[in-house]
Amino acid sequence: MSSARRYIEVALPLPVRKTFTYEVPPDLEEALSPGKRVLVPLGRRLLTGFVLGPAPTLPTHTAILPIREVLEEEVSLSPKLLELLLWTSAYYMQPVGEVIKISLPAGTQTRSKETLLLTEKGIDALGILGPESMEKRILDEMAKKGEEGISSASLIRKFSSPIRSILGKMRKKGWVGNKEDLERPTVREKTINWVRLRPFQEVVHLTGRQKEVVTFLQTAGEVPVAELKVRFKNASAVLAKLKTHGLVEIFPREVFRQPSWEGLEDWIDGPPFLLTEDQNAALREIIAALDSRKYQPFLLHGVTGSGKTEVYLRAIDEALSRGRQALLLVPEISLTGQLVAYFQGRTSYPLAVLHSGLSAGERYDEWRKVKKGLARLVIGARSAIFAPLESLGIIIVDEEHDPSYKQDDKVRYHARDLALVRGKMEDAVVVLGSATPSLESYHNAREGKFRLLSLPSRIDGRPLPEIQVLDMRLEPGEGRERPLFSRPLREALEETIARGEQAFLFLNRRGFSTFVLCRDCGFTYRCPNCNVSLVYHLPDRTFRCHYCDYTLYAADRCPQCASSALLLYGSGTQRLEEEIKKMLPRVPVTRMDRDTTTRKGSHQKILGQLRRGEVNLLVGTQMITKGHDLPRVTLVGVPAADLSLNLPDFRAGERTFQLLTQVAGRAGRGDLPGKVFIQSFNPGHYSIQMARGQDYTAFFEQEVPFRRQMSYPPFVRLVNLRFEDNSEKRITRFAQALEERVQRKFKEDPRLGAQLEALGPAVAPLGKLKGRHRYQMLFKGKEWKPLHEFVERLLVEMEAEFPRGGVKLIVDVDPVHML
Ligand code: ADP
Ligand code: ZN
Ligand code: ZN
């Protein structure tokens, strides 16, 4: 065959670690470029995929099929974005098709059909075409489908001979129309009707009202029909008449849905402040980096309430005024509202918001706004790192230490780390900000990889809150369980409320109680799928598994011995709320956790209530520790500080320090000083002590030697290989084969021992989840490249040894949650 044949590499949305090669038919060559969507055959199916580029090598054992169609549509990837997605796929060892899929708004990824409709001309043609002509057969197929139409994919599938060029000709003749259709009708462009005058053709007699409308349209030009209805009585009837006279035309125009933000109005701030000296110094460095137009990473370390947000806003402003775009990542959806309000109050740059709290339609619109270049600033949660911005000047990662930047299902990646990668690819400035930076980031700053910017004190010299640690071992117990509140905390709560101020109570566990014990026979409720205890939930009186959502309705008696002596142990936020209501019956309390914020806008609603002073007490999980700036909060209580300390995870100490410091930082942010009470059974632990002193560097100095000694990040890189199966036999066989293979590799190549370390395989801390047994093997390496190459080879070999079905393999690169 001629050497002029071209082959391309295509990513398909399948959970496989490979890409696919296709041939390019000459007539499609022109329309093709990397990032375009194409329709391709795979087995007996037709799938949509993305063009990655020319095929590097050709497969030798399988026939190479031609692509069927290039899909002309908005959902394409720019070369820059494609580069980032490919990097993500390679580094995190995740299937490229799946990485691409999560970078697009939900709904668009299923967008695989172009629906063809028979036009009136087509119906006429049906009458004159000969019965055996290909065109007639195609039109017949379409006629069968009527208004519903038929997808080009299924038409192409139906006819074995190539029909693409015939279809093209038929389209030119006007026999075939097409509507771009989404499989999910929820995600569709929204239009409203507008009206305008048509060029006058002949003079007709008009009534008075009709004349009024025509005169109005002559000066107003194009107007939404809805507006006419407001201005003129009977506008619909008048318009209908004018339309039959041929005087006006009504046409649809696309509108973008506006996400609604409850309680937003009261948040818009007044005029900008004069920056403090520290803020100014930080901003000056960021501006210099922006002007250099080179990649420059910063770590902005500022204590809580030091005005980091203000620095972000100014830095973004500077980037935008230089004609570049900005991306601001936040760890929690509830924080976007506050930031959107700041921006809308202070600048007129168009912005878009991307996160999972929006409806599918809103998200699609926001995404398209970005894609079309209509938004200059994007504010979003972790997946916004893939926002299709084309001239990024700055990326800001707020609360960069937050574990929610790590995605832990489907495709595993870390948005903060990708921010640095993307910044480097696009010569952008990257600012990571936190009061409690991750050990990795602070280490990088110390090593000179990031420039350190610090804001060491609170705005206006406001003091950091005064923190007391209360030793719960000394509290007298009532009955079997200790009381939830120690006396000092109880008294402080009462006083705070009496003064008309507000308080936060932080407990990192939702639900009512953590487990139920039968006093007579020792029975406890456990999840049959996950082997963890079920959490009791009010108000529906259910026992729920927090991992798989297995639910049981509570009975009054023990299911094992029918005793009624069932005791509820351990507290969650629901119980905390109940206790507070008993203690302070007339005080309005609200709760913020995953159970109370499932509805859209619920975060905003709760924060609005606090801002307006309708509620004095907020009870919640880690959601309340993040970023909120509520000046009337003067007391923060932490009834059980040890919860996160006892997790089997090398980051437990770091996480505890971060949570306590962050939640303490919610107190005393306004003119009133703040107080914090931390209750603990382990009050001497350095995480708790350093949090009490709110001394980040002291914590860092204490934690770092432990990480170095134990070989944990930031001194090594990790890859966790997890495998799951519902058959215990199969999984132990797999574990054994894995271990043998790893050992053999180490023996064959003695250099590996110096570069890498392998721990396990061992049963994962959550040994059974959703009915599947879980094991893991942890790999450590000083350098990521040899580590990743090793694991990648291992994966390929294991997949070959244990082909499809059976054991499910999950690779987690730079793992954050290791349960
Ligand atoms: P952080 O993000 O560091 O915790 P914020 O940015 O929320 O702190 O700032 C804390 C408070 O100080 C906010 O209410 C903010 O509006 C205010 N603030 C920030 N910068 C200034 C300034 N230069 N002058 C006066 N008030 C400021
Ligand atoms: Zn019992
Ligand atoms: Zn479960």
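## Strand E2 and Thr21

Thr21 is a residue of strand E2, which spans residues 20–24. In this predicted model, Thr21 has a relative accessibility of 14% and is therefore classed as buried, the cut-off for that class being under 20%. Its side chain forms a polar contact of 3.0 Å with the side chain of Glu9.

Helix H3 covers residues 120–128, and Gly122, Ala125 and Leu126 are buried within it. Viewed down the axis of H3, these buried residues fall within an arc of 110°, so they line one face of the helix. An α-helix has 3.6 residues a turn, so residues three or four places apart point the same way.

The face of H3 turned away from the buried side carries the exposed residues Glu120, Lys121, Asp124, Gly127 and Ile128.

## The zinc site

The zinc ion (ligand 2) is coordinated by the SG atoms of Cys518, Cys521, Cys558 and Cys561, at 2.3 to 2.4 Å. Along the chain, the donors of this ion follow the spacing C-x2-C-x36-C-x2-C. The angles among the four donor atoms are 104 to 112°, and the site is tetrahedral. For four tetrahedral donors, the ideal angle at a metal is 109.5 degrees.

Two of the coordinating cysteines may be set side by side in terms of accessibility. Cys558 has a relative accessible area of 3% and is buried, whereas Cys561 is partly exposed, with a relative accessible area of 35%.

Ala562 lies in the loop between strand E26 (551–553) and strand E27 (566–571). Ala562 has a positive phi of about 65°, although it is not a glycine. With a relative accessibility of 42%, Ala562 counts as partly exposed.

## The surroundings of ligand 1

Ligand 1 is surrounded by 16 residues, of which Leu274, Gln279, Gly305, Lys308 and Asp629 are the closest. A side-chain N or O atom of Asp629 is 2.5 Å from an oxygen atom of the ligand. Backbone atoms also take part in the polar surroundings: a polar backbone atom of Gly307 is 3.1 Å from an oxygen atom of ligand 1, and a backbone N or O atom of Ser306 lies 3.2 Å from an oxygen atom of ligand 1. Taken alone, ligand 1 exposes 560 Å², and the protein buries 85% of that area.

Lys308 belongs to helix H11, residues 308–321. This lysine is buried, with a relative accessible area of 10%. The C-alpha atoms of Lys308 and Thr48 are separated by 44 Å, the two residues being 260 residues apart along the chain.

## Backbone features and loops

The bond from Pro713 to Pro714 is cis, with omega near 10°, and Pro714 is placed in the loop between helix H21 (696–710) and strand E32 (717–725). The bond from Gly760 to Pro761 is also cis, with omega near 5°, but Pro761 lies in strand E33, residues 756–769.

Asp460 has a positive phi of about 60° and is not a glycine. Asp460 is found in the loop between strand E20 (451–455) and strand E21 (466–471). At 63% relative accessibility, Asp460 counts as exposed.

Pro683 occupies the loop between strand E31 (675–680) and helix H20 (686–693). Although in a loop, Pro683 counts as buried, at 12% relative accessibility. Its C-alpha atom is separated by 66 Å from that of Glu69, a residue 614 residues apart from Pro683 along the chain.

Technical notes
Residues are numbered from 1 along each chain as its sequence is written. Chains are lettered from A and ligands numbered from 1 in the order in which they are written. This is a predicted model: local features need pLDDT of at least 70, side-chain atom pairs count only at pLDDT 80 or more; totals for chains, interfaces and linings use all residues. Side-chain values use heavy atoms; hydrogens and water are left out. Buried means under 20% relative accessible area, exposed over 50%, partly exposed in between (1.4 Å probe, protein chains only). Helices (H or I, at least four residues) and strands (E, at least two) are DSSP runs, numbered from the N terminus. The arc is that of the directions from the helix axis to the C-beta atoms. Donors are N, O and S atoms within 2.8 Å of the metal (3.2 Å for Na, K and Ca); water is not among the atoms, so sites may look incomplete. Four donors count as tetrahedral if all angles lie between 85 and 135 degrees; four count as square planar and six as octahedral if opposite donors are over 155 degrees apart and all others between 65 and 115; anything else is irregular. A residue is near a molecule or strand if one of its heavy atoms lies within 4 Å of it. A polar contact is a pair of N or O atoms within 3.5 Å; within protein, one must be able to donate a hydrogen and the other to accept it, and residues adjacent in sequence count only if both atoms are side-chain atoms. Accessible areas come from the Shrake-Rupley method with a 1.4 Å probe; for residues, only the protein chains shown count as cover.
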